[in-house]
Amino acid sequence: MADKKATKNSNAKNLSSEQIIAGFNQLRQEQRALVSKIAELESDQNEHRLVLETLKEVDGERKCFRLVGGVLVERTVKDVIPALTHNKEQIEKLTENLTKQMEMKGREINEYREKHNLRVRGEQPSEQPTSQATDSTASSGVLVSKDT
């Protein structure tokens, strides 16, 4: 039983540094994709809000055009407002869901960094206070990393 645990731990340690870095970069790329999608959805949500604000002041019987699946469809304002409201609500829910996924991905990245003892370039080690690190590098002009 102890041999199985030792084998499992050694497999995790046998990953090459390139594999570890590739895994970290993959996690960061996934997080960036989530952030990008969230920004896109927030932009769509803002556009829906602006259109709804504009249409509130317009007569409900006035004709308007809406793009549905790449086809421009003629409707009345009173028909379009509920559909836009529903779409805006769906976008809000999706944005909230993606935000939660992004936060979970951030935690996953932090756990991965701690597990493999990774530091991003220019980042101070968490054990060392910032003022102490600044003082030591300023006086000697040499940056030395401490391996544990």
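Guide: Leaving aside neighbours within four places in sequence, Lys105 is in contact with Leu27, Glu30, Gln31 and Leu34, where contact means heavy atoms within 4.5 Å. The model is predicted, so local features need pLDDT of at least 70, side-chain atom pairs count only at pLDDT 80 or more, and totals for chains, interfaces and linings use all residues. Residues are numbered from 1 along each chain as its sequence is written, and side-chain values use heavy atoms, with hydrogens and water left out.

Visitor: Why is Lys105 called buried?

Guide: Its relative accessible area is 15%, and buried means under 20%, exposed over 50% and partly exposed in between, with a 1.4 Å probe and protein chains only. Lys105 is therefore classed as buried.

Visitor: What makes Glu108 partly exposed?

Guide: Glu108 has a relative accessible area of 36%, and is therefore called partly exposed. This residue lies in helix H3 (residues 77-116), a helix being a DSSP run (H or I) of at least four residues, numbered from the N terminus.

Visitor: How do you know that H2 and H3 are roughly antiparallel?

Guide: The axes of helix H2 (residues 17-56) and H3 come within 8 Å and cross at roughly 160°. Angles under 35 degrees count as roughly parallel, over 145 as roughly antiparallel, 65 to 115 as roughly perpendicular and the rest as oblique. H2 and H3 are therefore roughly antiparallel.

Conventions. Helices (H or I, at least four residues) and strands (E, at least two) are DSSP runs, numbered from the N terminus. Axes are lines fitted to C-alpha atoms, for helices over the stretch in contact, and angles run from 0 to 180 degrees between N-to-C directions.
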